[in-house]
Amino acid sequence: MPIVVLQSSRLLWVRLAALLFTCVAFSVVAHGGPLNRGEGDWCIFCWAFSFAVTLLVLLVELFGLQTRTPVSWTNFPITFACYASLFCLSASIMFPLYFLKGSGAYGETRDLRITATVFSCLATVAYLGEVSLSRAKPGEVAGYMATVPGLLKVCETFVASVIFVFISNPVSYEQHPALKWCMAVYCICFVLSAAIVVLCVGECTGCLPFPFARFLSAYALLAVAMYLTATIIWPVFKFDSRYHGASRRPNWCSDRSGLCDWDKLVAIAVLTALNFLIYLADLAYSARLVFVST
């Protein structure tokens, strides 16, 4: 019978910590009863998905199956760890916002929700630690997703996903053609960034009929220009009274727990500006990689 040996390392310990923290987070929430909101389902998904894939990564490395997986093992673990850190971060913000602040929870239920929030924050730190340990060091040969531009691609797709959630509930881009352009910017850039992530994780970049590094620089430049327009257009058409926008938070928003519709419009504006800065950083790093390679 073969003996399986799992070598101790800092990377192993942070993965085990993330496994434990996510398990505790969704377990105590499940013990506390139903949450009765879509936001609760999202938080539980973030913790359960992160737990399941972390367990899968540990099992693959435990049995030495890296070469038999259908994905690039130099790219997949760090890509997942980056997504998991963002998932747990979003759950750490969303869960107390909707289920602790003004929720009316008390007693054991409130204690369990506080516990879930704490362990969600700990899981976020653990996954960030894994990303820090796994990312490429200066002069080290590693997969693209372990480099700064690769990690920025993960952030770009995640931020766009959050924008989609806010912009579709309620639908807030159909009032003017300029807002539809903003939606087109989010969709086009998301699809291209997600395609790059899939190509790198699936080791399919060599099949492309053009130089991959130059394509990344050209795409980053295009995305910066497109997001710059959205960063300007969205707040103008949503908060300027000349376009029937509301520059101040309505009074009725204060009576609700979580985010009201006006808060979501502000969140979209902030996230659009954030993604613009991420794409700008991506452009700088991608251009540098092209310059070094030539």
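User: Which helix is Asn-275 found in?
Analyst: Asn-275 sits in helix 8, residues 261-293. Helices (H or I, at least four residues) and strands (E, at least two) are DSSP runs, numbered from the N terminus. This is a predicted model, where local features need pLDDT of at least 70, side-chain atom pairs count only at pLDDT 80 or more, and totals for chains, interfaces and linings use all residues. Residues are numbered from 1 along each chain as its sequence is written, and side-chain values use heavy atoms, with hydrogens and water left out.

User: Is Asn-275 buried or exposed?
Analyst: Asn-275 counts as buried, because its relative accessibility is 0%. Buried means under 20% relative accessible area, exposed over 50%, and partly exposed in between (1.4 Å probe, protein chains only).

User: What does Asn-275 touch?
Analyst: Leaving out residues up to four places away in sequence, Asn-275 touches Cys-155, Glu-156, Val-159, Ala-160 and Tyr-227. A contact means heavy atoms within 4.5 Å.

User: Which backbone oxygen lies 3.4 Å from a polar atom of the Asn-275 side chain?
Analyst: That of Glu-156. A polar contact is a pair of N or O atoms within 3.5 Å; within protein, one must be able to donate a hydrogen and the other to accept it, and residues adjacent in sequence count only if both atoms are side-chain atoms.

User: Zooming out now. How many helices and strands are there in the chain?
Analyst: Eight helices and zero strands. From the N terminus on, the order is α-α-α-α-α-α-α-α.

User: What share of the chain is buried?
Analyst: Buried residues make up 44% of the 294 residues. The accessible surface comes to about 15400 Å², and 68% of that belongs to carbon and sulfur atoms. Those areas come from the Shrake-Rupley method with a 1.4 Å probe; for residues, only the protein chains shown count as cover.

User: And how many of the contacts link residues 24 or more positions apart?
Analyst: Of the contacts with a separation of 6 or more, 77% are between residues 24 or more positions apart.

User: Let's look at helix 5. What length should it span?
Analyst: Helix 5 covers residues 148-168, and its 21 residues should span 30 Å at 1.5 Å a residue. The expected span is 1.5 Å times one less than the number of residues. The end C-alpha atoms of helix 5 are 30 Å apart, which agrees.

User: Why is helix 5 called largely enclosed?
Analyst: Because 15 of its 21 residues are buried.

User: What about helix 3?
Analyst: Helix 3 runs over residues 76-99 and has 24 residues. It reaches 33 Å from its first C-alpha to its last, close to the 34 Å expected. Helix 3 is mostly covered, with 19 of its 24 residues buried.

User: What does UniProt list for "transmembrane region"?
Analyst: The unreviewed entry lists several ranges, among them 112-129 and 219-239. UniProt positions are given in the numbering used here, feature names are shortened, and annotations may be inferred rather than shown by experiment.

User: What does the model show over residues 112-129?
Analyst: The chain there is 100% helix and 0% strand, with end C-alpha atoms 26 Å apart. Over residues 219-239 the chain is also 100% helix and 0% strand, and the end C-alpha atoms are 30 Å apart.

User: Now Thr-22. Where is it found?
Analyst: Thr-22 is in helix 1, residues 10-31. Thr-22 is buried, at 0% relative accessibility. Its contacts beyond four places in sequence include Trp-47, Cys-88 and Tyr-127.

User: What about the loops? Where is Pro-70?
Analyst: Pro-70 lies in the loop between helix 2 (38-62) and helix 3. Pro-70 is exposed, with a relative accessible area of 77%. Pro-70 and Glu-203 are 133 residues apart in sequence, yet 9.2 Å apart in space, C-alpha to C-alpha.

User: Where does Glu-203 lie?
Analyst: In the loop between helix 6 and helix 7 (212-239). Glu-203 has a positive phi of about 55 degrees, although it is not a glycine. Glu-203 counts as exposed, at 58% relative accessibility.

User: Last one. Which residues does a cis peptide bond join?
Analyst: Asn-169 and Pro-170, with omega about 0 degrees. Pro-170 is in the loop between helix 5 and helix 6 (177-201).
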